[in-house]
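Trainee: I have a model on screen and want to learn to read it. Can we take it feature by feature?

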Amino acid sequence: MKALTKTFRTIVLAVTTSACVVGTASAADFTLRIQTHHAPGSLPGRVFTQFVDDVETMSAGRLTINAFTSSAVVKANETFEAAKNGLLDGDMTNPTYITGKNPAFQFIGDVMGGYERPDQIQGWLAVGGGKAIADELYSSYGMHLVGLWGQGPESLSSMREIGTVADLHDWKFRSPPGMESEIFIKLGAKPVVMDFGEVFSAMNTGVVDGADASTLNTNQSLGLYDVAKYATYPGWHSMPADHLAINQKKWDSLPKDIQRIIEVALKKAAADLQQNSVVENAKTADTLRKAGITLSNWSEEDKKTFRSAAQSVWEGWAKKNDITGRLVESHISYMKKVGLL
């Protein structure tokens with residue numbers, strides 16, 4: 001009996017020890033350093049924070065994300081390179097910041113004048129043939145594209161009314177890098193490319209007369225309407241989608257279950273952001289109108305004029321290299337299937 005008891009104790013001790021080792025090994029086993037350009041108090045900043053919590057919770061603490069908001073480590077347009085080189089592990093900014101590396105990134109981050117809702121470009125990526133081409137693009141830079149997330153159409157903020165396409169003439173405004181500048185120049189505007197984090201100071205000091213920064217709600221959180229008294233709403237000209245791109249070697253080092261957790265958490269974040277953005281923008285619009293801010297909605301004719309200018313620029317960009325051309329062709333094919341073109 002004593003021998004049996006001793007044996008039982010030995011088994012219990014072995015099992016307990018084994019469980020402790022497994023628990024220790026799996027706790028905070030993996031870490032990702034991810035940066036976004038969004039401010040923590042903005043809607044996308046809050047969704048980003050929830051994304052981090054979701055990943056850490058679903059992984060039972062096995063994965064820790066060191067999250068950096070407001071481009072805290074490097075400038076927004078340097079985030080991709082920082083992740084590629086290992087200063088960071090992940091980039092959660094917008095692909096248009098890296099069109100200087102390859103113009104193809106424009107057609108991952110914002111097909112200007114094309115999509116009208118975030119789920120449409122996500123549909124192109126998931127079921128419209130976009131993922132295969134995008135994977136080829138990202139892997140050529142040692143990065144893995146997890147997916148896209150975005151708020152919806154953006155609003156232009158201005159010191160003067162931009163109620164029609166004609167009002168863009170001689171309008172000096174902050175523009176993100178990439179294709180946008182060419183489209184707005186065609187329509188008579190004077191874009192000034194600058195980092196997202198510089199928008200408020202540039203408007204406040206009169207460096208520019210307005211900005212294409214983000215959605216109405218995010219623009220308000222940046223304090224833009226303390227300076228600008230006019231905005232377009234609902235926005236239409238631009239419907240950007242931020243990416244989550246992770247260093248390929250870092251991604252490959254993660255277990256398959258954690259990779260899947262990140263993918264699922266990003267899809268949840270994308271849905272959360274789109275749904276909340278509709279509500280938050282409507283609330284913001286009501287608040288701004290009551291505060292005396294003029295909100296202008298472009299006519300269908302003005303939208304048609306903008307889309308025509310945008311498509312002519314798409315065609316020019318499609319000729320820049322093979323992969324850009326294939327992305328443009330893929331988008332046009334998908335837009336026709338879903339009735340956008």
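Mentor: Ground rules come before features. This is a predicted model: local features need pLDDT of at least 70, side-chain atom pairs count only at pLDDT 80 or more, and totals for chains, interfaces and linings use all residues. Residues are numbered from 1 along each chain as its sequence is written, and side-chain values use heavy atoms, with hydrogens and water left out.

Trainee: At what angle do the axes of α6 and α13 cross?

Mentor: In general, two packed helices are described by the angle between their axes and the distance between the axes. Here α6 (residues 130-139) and α13 (residues 322-337) cross at roughly 160 degrees, with axes that come within 10 Å. So α6 is roughly antiparallel to α13, a label for angles over 145 degrees. Axes are lines fitted to C-alpha atoms over the stretch in contact, and angles run from 0 to 180 degrees between N-to-C directions. Helices are DSSP runs of H or I with at least four residues; strands are runs of E with at least two.

Trainee: Which residues in α6 and α13 meet?

Mentor: G130, I133, E136 and L137 of α6 meet I323, R326, L327 and S330 of α13, contact being heavy atoms within 4.5 Å. These residues divide into four nonpolar, two polar and two charged. Ala, Val, Leu, Ile, Met, Phe, Trp, Tyr, Cys and Pro count as nonpolar, Asp, Glu, Lys and Arg as charged, and the others, Gly among them, as polar.

Trainee: What lines the largest pocket?

Mentor: Rolling a probe the size of a water molecule over the atoms shows where empty space is left. A pocket is an open set of points on a 1 Å grid where a 1.4 Å probe fits, with protein on both sides within 12 Å along at least five of seven lines; lining residues have an atom within 4 Å of a point. The largest pocket has a volume of about 320 Å³, and L125, A126, V146, G147 and K267 lie nearest its centre among 13 lining residues. β4 gives the most, five residues.

Trainee: Which residues are closest to the centre of the second largest pocket?

Mentor: Its volume is about 230 Å³. Closest to its centre are G152, P153, P234, V278 and N281, out of 16 lining residues. α11 gives the most, with four.

Trainee: Where are the backbone exceptions?

Mentor: Most residues other than glycine have a negative phi, and most peptide bonds are trans. The bond from Y233 to P234 is cis, with omega near -5 degrees. P234 lies in the loop between β9 and β10. A60, not a glycine, has a positive phi of about 55 degrees. A60 sits in the loop between α2 and β2.

Note on methods. Angles under 35 degrees count as roughly parallel, over 145 as roughly antiparallel, 65 to 115 as roughly perpendicular and the rest as oblique. Grid points are joined across faces, edges and corners, and a volume is the space filled by probe spheres set on the points.
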